[in-house]
Amino acid sequence: MMIEDVKLSIRHRAQRNYERQFDERNRVQTDGIVTLGRLTIESPNKNMGSEYVPSPGRLIEHAFAHLPPDLREYTFIDVGSGKGRILLHAALHDFKQIIGVEFAAELHAISKQNIAAFSAANKHHPPISGVLGDAIDFIIPDGKCVFFFYNPFGRPVMERVLENIAASYRQEPRKIYFMFLSLKHERGNDADANRELLERQAYLRPLKSWNANRGAWIKLQFGSHKLTMYETADAGNPIKRRQRGANGAAASHLE
Ligand SMILES: C[S@@+](CC[C@H](N)C(=O)[O-])C[C@H]1O[C@@H](n2cnc3c(N)ncnc32)[C@H](O)[C@@H]1O
């Protein structure tokens, strides 16, 4: 067996066990891949949507440790929340509220069942709600937020969603975190383009503590995934927009 195969088998086994135990403990069912073709989706963006593949919850738990220790003022939003696995992980932390946005009616229905079962199994947790609809129509909540994306859609949709968030930030400059997850060797979808869009948002900077300090064990276990995190600069700073001049050189100005 090649060393890469050994690594892969360690990753798969560790992740599968963790997710199975999470589902059993909370009496939910978040596993399994679901393609979107036959699902009820009232959106012109259906063809740009990624199929349902749940995130590795344990990796997201590691990343949560890099958010501020007191999350009571933060709303957590999973954009493209599927069966709701990451909503339930977020619910183990003290967020102000947790919201999932999902455009496939069948996945939204499963996430509602999962939220109800999770609530029965865990008496104390933040309010969790699911919104059925397209992410581009989602109204950005006031106040501090953490946005989570598991590469849910193509670049044109990502662009619209990021415009909505930037407009909300312009209205109310505040602390916002972004978590963007994708599979490392994904092809034929817009993971790199979406990440680049995030990196071009001049009001965001990489969350250094996460991007620099992942330990070797996390890299070994989750080497198939790439998770990058971003944060707004200190609240109160106006958005700095980068523009290309006639000669193609990047220039910045305050809006
Ligand atoms: C890769 S799955 C991620 C599921 C979940 N966030 C997780 O990490 O476990 C992407 C999800 O985004 C949903 N989706 C794709 N395009 C969407 C859109 N325009 N609006 C809302 N949901 C969308 C899909 O139906 C799918 O459930």
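1. In this predicted model, ring pairs join F147, F149, F153, F178 and F180 into a cluster. The structure has ten aromatic pairs. One of them, F147 with F178, is stacked, at 5.6 Å centre to centre and 25 degrees between the planes. F147 belongs to strand β4 and F178 to strand β5, and the pair links parts of the chain 31 residues apart. Both F147 and F178 are buried.

2. Y169 and Y203 make a tilted pair, because their ring centres are 4.6 Å apart and their planes stand at 35 degrees. Y169 lies in helix α5 and Y203 in the loop between α6 and β6, 34 residues apart. Both Y169 and Y203 are buried.

3. The largest nonpolar core has 32 residues, of which F76, F95 and M179 touch the most other members. At least two residues of this core come from each of α2 (57–64), β1 (74–79), α3 (85–90), α4 (105–121), β4 (144–150), β5 and β7. A second, separate core has 27 residues, including I99, I140, F178 and F180.

4. Leaving aside residues up to four places away in sequence, M179 touches I60, A63, F64, F76, V146, F147, F148, F149, L227, T228 and M229.

5. Helix α6 (residues 191–199) has A191, N194, R195, L197 and L198 as its buried residues. Viewed down the axis of α6, these buried residues fall within an arc of 155 degrees, so they line one face of the helix. An α-helix has 3.6 residues a turn, so residues three or four places apart point the same way. The buried residues of α6 pack against α5 (155–171), β5 (176–183), β6 (204–206) and β7 (225–232).

Conventions:
Residues numbered from 1 in each chain as written. Predicted model: local features only at pLDDT ≥ 70, side-chain atom pairs only at ≥ 80, totals over all residues. Heavy atoms only, no water. Buried < 20%, exposed > 50% of the residue type's maximum accessible area, 1.4 Å probe, protein only. Helix = DSSP H or I, 4+ residues; strand = E, 2+ residues; numbered from the N terminus. Arc of directions from axis to C-beta. Contact = heavy atoms within 4.5 Å. Core = buried A, V, L, I, M, F, W, Y, C linked by side-chain atoms within 4.5 Å. Phe/Tyr/Trp six-rings, centres within 6.5 Å; stacked < 30°, edge-to-face > 60°.
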